[in-house]
Amino acid sequence: MAGVRQFDEGALVEQALGVFWEKGYRATSMLDLAAATGVQRGSLYHAYGGKEQLFTKIFSQFAAEFLAGAERALEADDPRQALTDLFDYCIASITTGTPSRGCLSTRTAVEAAEPQVDAAVQAMLDGLEERVATMLTRTASASSSARSARARSALSVPPRDAARLVVAMTRGLAVLERVYGDPARLRETAATLVTALLR
């Protein structure tokens, strides 16, 4: 039927995401995407408009899933545990696979330099910052219990500043993973920041 896409969009998104993750945004061509998905280039252009638009759609879905996982990781009442769980979640994400797949968002931020793509990455990082700040604010002011009192006195900087440091650390961990390939080192580095933020 005219106007009806003759391919499984869910499968296409998963396959195209794999290509972008393996090759990076800049090195991926529409020919690469057509070969990986089995959908002709003309059909991809017709359905999505081009590589930037297709990537933005795929990345937005990826970011939504990543942020949902981050929010679950931040559920612990104890901020130290919540941050540790978040870093464990991020480290698991970038060290998956053999060889490890690295961090799609950090790689894209470094190499893309296209407005829609940059905006999509920024939205994901802003979303992560907001979730961390919300958790830190909640644990610091939820009640006057002994645990909450400890959390208020323990946080060494305001929640928003701490959240920005946490997001910056997730990007730094992605770079260190590429250099050292050592998850234990990444966890130790993250733990140092948690200790600095929550004395």
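Which helices each supply at least two residues of the lining of the largest cavity? They are H4, H5, H6 and helix H9 (159–180).

## Basis of the model

This is a predicted model; local features need pLDDT of at least 70, side-chain atom pairs count only at pLDDT 80 or more, and totals for chains, interfaces and linings use all residues. Residues are numbered from 1 along each chain as its sequence is written, and side-chain values use heavy atoms, with hydrogens and water left out.

Helices (H or I, at least four residues) and strands (E, at least two) are DSSP runs, numbered from the N terminus.

## The cavity

A search of the whole structure finds one cavity of 30 Å³ or more. On a 1 Å grid over the protein atoms alone, a cavity is a set of points where a 1.4 Å probe fits but cannot get out. Lining residues have an atom within 4 Å of a point. Grid points are joined across faces, edges and corners, and a volume is the space filled by probe spheres set on the points.

The largest cavity holds about 100 Å³ of space. It is lined by 15 residues, and the closest to its centre are Phe 66, Ser 93, Ile 94, Cys 103 and Arg 171. H5 gives the most to this lining, with four residues. By class, the lining has 10 nonpolar, four polar and one charged. Here Ala, Val, Leu, Ile, Met, Phe, Trp, Tyr, Cys and Pro count as nonpolar, Asp, Glu, Lys and Arg as charged, and the others, Gly among them, as polar.

## The pocket

A pocket is an open set of points with protein on both sides within 12 Å along at least five of seven lines. The largest pocket has about 200 Å³ of space. Helix H1 (9–23), helix H4 (51–73) and helix H5 (79–94) each supply at least two residues of its lining. H4 gives the most, with five residues.

Among the lining residues are Val 13, Trp 21, Phe 62, Phe 66, Tyr 89 and Arg 101. The lining divides into seven nonpolar, two polar and two charged residues.

## H4 against H6

H4 and helix H6 (residues 104–111) pack at an angle of about 145°, with axes 12 Å apart. Axes are lines fitted to C-alpha atoms over the stretch in contact, and angles run from 0 to 180 degrees between N-to-C directions. Phe 55, Phe 59 and Phe 62 of H4 meet Leu 104, Ser 105 and Thr 108 of H6, where contact means heavy atoms within 4.5 Å. The contact has four nonpolar, two polar and no charged residues.
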